[in-house]
Amino acid sequence: MKKAGVTDKLATILSGAGVESALFDELSAEPDYQEIEAAAEKARRIKADVIIGCGGGSAMDAAKL
């Protein structure tokens, strides 16, 4: 999604709507517990109100977790 410019486009749309965003793109194709926990830790650290999953099944599953 990053290489295709999708994440940048999404960040631009959110910014235009006055929504601050942050990117977590450190997941492998089959994320393990440590990767999911790292994503959750970032969400907690920045006090995220919403998680937007963008990509295939693993990315969507990780966002749901």
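View 1. Lysine 64 is exposed, having a relative accessible area of 67%, where exposed means over 50% relative accessible area, buried means under 20%, and partly exposed lies in between (1.4 Å probe, protein chains only). This view, like those that follow, comes from a predicted model, in which local features need pLDDT of at least 70 and side-chain atom pairs count only at pLDDT 80 or more, while totals for chains, interfaces and linings use all residues. Residues are numbered from 1 along each chain as its sequence is written, and side-chain values use heavy atoms, with hydrogens and water left out. The side chain of lysine 64 meets that of aspartate 61 in a salt bridge (3.3 Å, N to O), a term for a side-chain nitrogen of Lys or Arg within 4 Å of a carboxyl oxygen of Asp or Glu. Because lysine 64 and aspartate 61 are three residues apart in helix 3, about one helical turn separates them; helices here (H or I, at least four residues) and strands (E, at least two) are DSSP runs, numbered from the N terminus.

**View 2. Aspartate 61 and proline 31.** Aspartate 61, found in helix 3, counts as partly exposed at 42% relative accessibility. In sequence, aspartate 61 and proline 31 are 30 residues apart, whereas in space they are 9.4 Å apart, C-alpha to C-alpha.

**View 3. Arginine 44 and two glutamates.** Side chains of opposite charge can pair when their charged atoms come close. In this view, the side chain of arginine 44 meets that of glutamate 37 in a salt bridge (2.5 Å, N to O), and a salt bridge also links the side chains of arginine 44 and glutamate 41 (3.3 Å, N to O). Arginine 44 and glutamate 41 both belong to helix 2, where they are three residues apart, about one turn of the helix. Arginine 44 is partly exposed at 47% relative accessibility, as is glutamate 41 at 36%, and glutamate 37 is partly exposed too, with a relative accessible area of 30%. A search of the whole structure finds four salt bridges.

**View 4. Lysine 47 in a loop.** Lysine 47 sits in the loop between helix 2 and helix 3, and it is exposed, with a relative accessible area of 68%. Most residues other than glycine have a negative phi. The phi of lysine 47, however, is near 55 degrees, which is a positive value in a residue other than glycine.

**View 5. Threonine 7 in helix 1.** Threonine 7 has its place in helix 1 and counts as buried, at 15% relative accessibility. When its neighbours within four places in sequence are left aside, threonine 7 is in contact with Met1, Lys2 and Leu23, contact meaning heavy atoms within 4.5 Å.

**View 6. The largest pocket and its lining.** The largest pocket holds about 1200 Å³ of space. On a 1 Å grid over the protein atoms alone, a pocket is an open set of points where a 1.4 Å probe fits, with protein on both sides within 12 Å along at least five of seven lines, and lining residues have an atom within 4 Å of a point. The lining is made of 40 residues, of which Ala22, Leu23, Phe24, Ile51 and Ile52 lie nearest the centre of the pocket. Helix 1 (6-16), helix 2 (33-45) and helix 3 (57-64) each supply at least two residues of this lining.

How values were computed: Grid points are joined across faces, edges and corners, and a volume is the space filled by probe spheres set on the points.
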